[in-house]
Each structure stands twice: as structure tokens, then as C-alpha cells.
There are 2 protein chains.
Amino acid sequence: MNKTRGLLFVVSAPSGAGKTSLCRAITDSLEGLTHSISYATRKPRPGETDGRDYYFVSPERFQEMIKAGDFAEWAEVHSNLYGTSRRVLDDMIAKGIDVILDIDTQGAKQIKSKYDTAVFIFIMPPSLDILEERLRNRKSDHEDEIRKRMRRAREEIRDYALYDYIVVNRDFDRALAELRSIVMAERCRTRLADTQWIEKLI
Amino acid sequence: MNKTRGLLFVVSAPSGAGKTSLCRAITDSLEGLTHSISYATRKPRPGETDGRDYYFVSPERFQEMIKAGDFAEWAEVHSNLYGTSRRVLDDMIAKGIDVILDIDTQGAKQIKSKYDTAVFIFIMPPSLDILEERLRNRKSDHEDEIRKRMRRAREEIRDYALYDYIVVNRDFDRALAELRSIVMAERCRTRLADTQWIEKLI
């Protein structure tokens, strides 16, 4: 349909719901869809690479970027700061690339007020017990950190009604298929149709 | 997500765009999705079966059904009458079955005014030349019938803006994948979410 601008997909989920793996799998399996890399002040986890998973920056540098208005959205999560560069995001959209933003509900609210055609997807864990089990299996977090994440998971889920779609990650392949479907369906939206091409048909 | 009511998908397309084959393929490949069988006053085409493709009825019987208010929508197309039984449709939706209604733009407008959560999909031919070629290959229609269908195709396409989604049937498998995606994505809509289940999470 030769759409000229890229679509913006905002994906949120409580930590441990599988958001990062799902977002990676979907950008690998769908053409023309890119994952936006966030800025983060936290330390890299084992296996995480600067410039691939996040741009890891110091809290001081992050504060400078906030002051300069560099962020399309930013949020403090578990005492760490995360943000999306407005310039990088707008450039990708202008080039016609569809972008997945993997951000928390605070960031999602900021995007909602600035990008009125963005599509909002919430990934739900099948249960809070399974969420807690997944967090424990991760083994990188201490007991009090897990409790903090569980409390925050409940807070995030409370905001589900802000989202257009809900994907329950009970089974990874099924959740991925649903996520892919949402992106493919949104690309078929009539408002994105090439009206000049249709005018020529009639 | 345990949704209780079925979804209603309305699919329209100019004759020859591949709507019938696509609708058959999608109900075969997705569980919980059924094709609603229309009433029709025209003669069966070769290969068409009463009760599978259409309920073939006499023009007199059809007029009686109109008078009795039996139709959720009905339309005259190429001097034939087509209609959807309101009772059959409402029963399927009430049972939680998702329904595909394969109807023309006149019928779609009637559904739009009666079923406010219905999802509207327009199947577009890749070009009018290809549409005409497909109609000629069908070989069941005479020259003046083909001209009539081409004129009507342009009229139908003019109503595309009534639809939520546009699927271009350039390649059958791709068009089917897009149609499947639309159904799967719509099933993930937040407004269909089981709020009681979510309340228990938080």
C-alpha cells in the first residue's frame, strides 16, 4: 500500500511477562519493523550489550538529555531511568519504518499524548504466580527486588485499559503469533491506504 | 480471554476480487470462526450447493422474509436478492462464535447501523484489468454481464472508506495471512478482555 510514514507500536508489560523476548522475536520475524533502543542508567545484565539492548549512560548524562528535551518519553523504574530519543524515533517513522517501543506504562502515557496514531499493546502474564516464578528463575534479582517488581507488576496491570490490545503470554509461540497479527492487521488499516492508488481504480 | 459474545466480521469486495475463496479459506484455517450463509434468489452456479454456499430461495419467498423483518441486511445485486437471517446471525454471536459475513457494500451499510462493534474489511483487486481478467476466466458470465460487474466494481470500491481494513488480493496466500491477522488481532482487543480475570490479577 506504499504507506509513507512508519507505524509506532508501544508494548508494555510487567517485568517478567516476556516482553523483551517477544519484542526481539517479532522484529526478527517481520520485515520493516524495528525495535527502538532505549537509553538506560542501570547496569547491563549478563548478556546485554550497549547499543543493542540499551544505550547505557550515566545518571548525569540522562539528566542532561531530559533538560535538553531529547526524550519522546522517559520514566524512572526501580530507581533506574529509561528513555527514548525523540530524534531517533521521529527519524525512523519519517523513513517509513515501523517501530516497536518496549516501555513501561509511565512512558506509554507520554507517547499517547504525543503520537496520536500509536498502537498500544499490553502483554499480560497468565498469572501472578507464574510471573513471580519467572522472576525467581531469572536469578539476577534479590528477594526484596522481586517483591518490589511484584508490587510494581500489579500497578502496571492496573493501567491495562490505556492499551488497544492485550496479549496473554501463556504460550510464547501463541503470544508471538498474536503480536505479529496485531502488527500485520494495523498495516492494513484503511487510514493508511494509498488513496491515490484507489482513486485510479475508480 | 473467555469472551462471551462472538465477533462480527463484514467482508466486501467487487465480484471477482477473490472474496468467496478467501472467506472459505479463512474459516477452514481458524477455529471459532464461521461463515454465515446468505439467502439468495439467483440460480446456483456450477459447483454451488444449497445450504453450503447459499440458501437458494424464490423471489416470492425472499419478499415474504423482507416483510417479516427476517433480514439483518439484504441487497439487490445484478437483479438478484441476497440477505442474511437476523436470527441465525444473532444466535451465532450469542453462542460466542465469530462470524464472517460476506456481503456487498449496501448490506455492509445496514450492518454498520445495527451492529456497532462489527469489524469491516474490504478486499481490493490489485487492478481493474486483473479483476476483468478474473471475471472472464470464470466463463459463466456473458459479455454484458461482465460489463455490468465492472461498472458495479467501481461503485463498490468508492465505498472503501466505510471499512476499517483493506486487504489487497495480489497474492492469495498473503491476502489470506492478512485476513487471518485481522481476525486474530481483533480477538485481542482490550474491550473484549475478561475484566474479572484481570481484576483478580491486581
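1. A quick definition to start: a helix axis here is a line fitted to C-alpha atoms over the stretch in contact, and the angle between two axes runs from 0 to 180 degrees between N-to-C directions. With that in hand, look at chain B of this predicted model. Its helix H5 (residues 128–138) packs with its helix H6 (residues 143–157) at an angle of about 145 degrees, and the two axes are 10 Å apart. The crossing of H5(B) past H6(B) is right-handed.

2. Which residues make that helix pair meet? From H5(B) come B:Leu128, B:Leu131, B:Glu132, B:Leu135 and B:Arg136, and from H6(B) come B:Ile146, B:Arg149, B:Met150 and B:Ala153. Sorted by class, this contact between H5(B) and H6(B) holds six nonpolar and three charged residues, with no polar ones.

3. Now a word on confidence, as you will want it before going further. The average pLDDT of chain A is 92, and 98% of its residues score at least 70. For the model, ipTM is 0.90 and pTM is 0.91.

4. On to the single chain. Chain A has eight helices and nine strands. Its C-alpha atoms fill a box of roughly 65 × 40 × 30 Å along the principal axes.

5. How are the two chains related? Chain A is superposed on chain B by a rotation of 180 degrees with 0.0 Å of shift along the axis, at an RMSD of 0.0 Å. This is therefore the relation of a two-fold axis. Within chain A, A:Ser181 has the C-alpha nearest that axis, at 2.1 Å. The same surface serves both copies, as 100% of the contact residues of chain A recur in chain B.

6. Finally, the place where the chains touch. Here 25 residues of chain A are in contact with 25 residues of chain B. On the chain A side, at least two residues each come from helix H6 (143–158), strand S9 (165–168), helix H7 (172–187) and helix H8 (195–201). Which of the elements gives the largest share of that side? H7(A) does, with five residues. By class, the side of chain A that touches chain B has 18 nonpolar, two polar and five charged residues.

Note on methods: Residues numbered from 1 in each chain as written. Chains lettered and ligands numbered in written order. Predicted model: local features only at pLDDT ≥ 70, side-chain atom pairs only at ≥ 80, totals over all residues. pLDDT = per-residue confidence, 0-100. Least-squares fit on C-alpha atoms with pLDDT ≥ 70 in both. Contact = placed C-beta atoms within 7 Å. Helix = DSSP H or I, 4+ residues; strand = E, 2+ residues; numbered from the N terminus. Left-handed = near helix turned anticlockwise from the far one by under 90°. Nonpolar A, V, L, I, M, F, W, Y, C, P; charged D, E, K, R; others polar.
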